[in-house]
Amino acid sequence: MNIIQFNQVNGTTIDKIEGQTRFGYAISDYVEFYEFHKSHKGSMISFYDYENGKVIHPFKCQKNVLYGKPVFLNNYFYFLQGDYNK
């Protein structure tokens with residue numbers, strides 16, 4: 001069993017990204033898109049590199065912005081970003 005120590009921990013569960021094995025992800029304050037109600041504080045998506053322990057935050061947390069589950073396909077990561085401010 002390998003124990004991976006990440007350079008940041010924020011208390012969320014790290015889930016597998018389908019289609020590859022190097023990265024995991026976590027979404028803070030996760031809400032399904034269909035359950036969204038105005039004035040949500042927003043969520044933040046984080047990617048966890050299992051090889052080097054680094055944590056990547058590609059976007060800052062923004063009010064009324066939600067993220068969907070990422071997938072890996074044809075060497076790209078895909079996920080939905082719902083911006084309910086627009």
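**A pair of rings**

Guide: Let's begin with Phe59, which counts as partly exposed because its relative accessibility is 32%; buried means under 20% relative accessible area, exposed over 50%, and partly exposed in between, with a 1.4 Å probe and protein chains only. Phe79, at 26%, counts as partly exposed too. A word on the model: it is predicted, so local features need pLDDT of at least 70 and side-chain atom pairs count only at pLDDT 80 or more, while totals for chains, interfaces and linings use all residues. Residues are numbered from 1 along each chain as its sequence is written, and side-chain values use heavy atoms, leaving out hydrogens and water.

Now to the rings. Rings of Phe, Tyr and Trp (its six-membered ring) pair if their centres lie within 6.5 Å; planes under 30 degrees apart count as stacked, over 60 as edge-to-face and the rest as tilted. By this rule there are ten aromatic pairs. In one of them, Phe59 and Phe79 have ring centres 6.2 Å apart and planes at 70°, so the pair is edge-to-face. This pair links distant parts of the chain, 20 residues apart: Phe59 sits in the loop between β4 (55-56) and β5 (65-67), and Phe79 in the loop between β7 (76-78) and β8 (81-83). Both belong to one aromatic cluster, together with Phe23, Phe47, Tyr67, Phe72 and Phe77.

Technical notes. Helix = DSSP H or I, 4+ residues; strand = E, 2+ residues; numbered from the N terminus.
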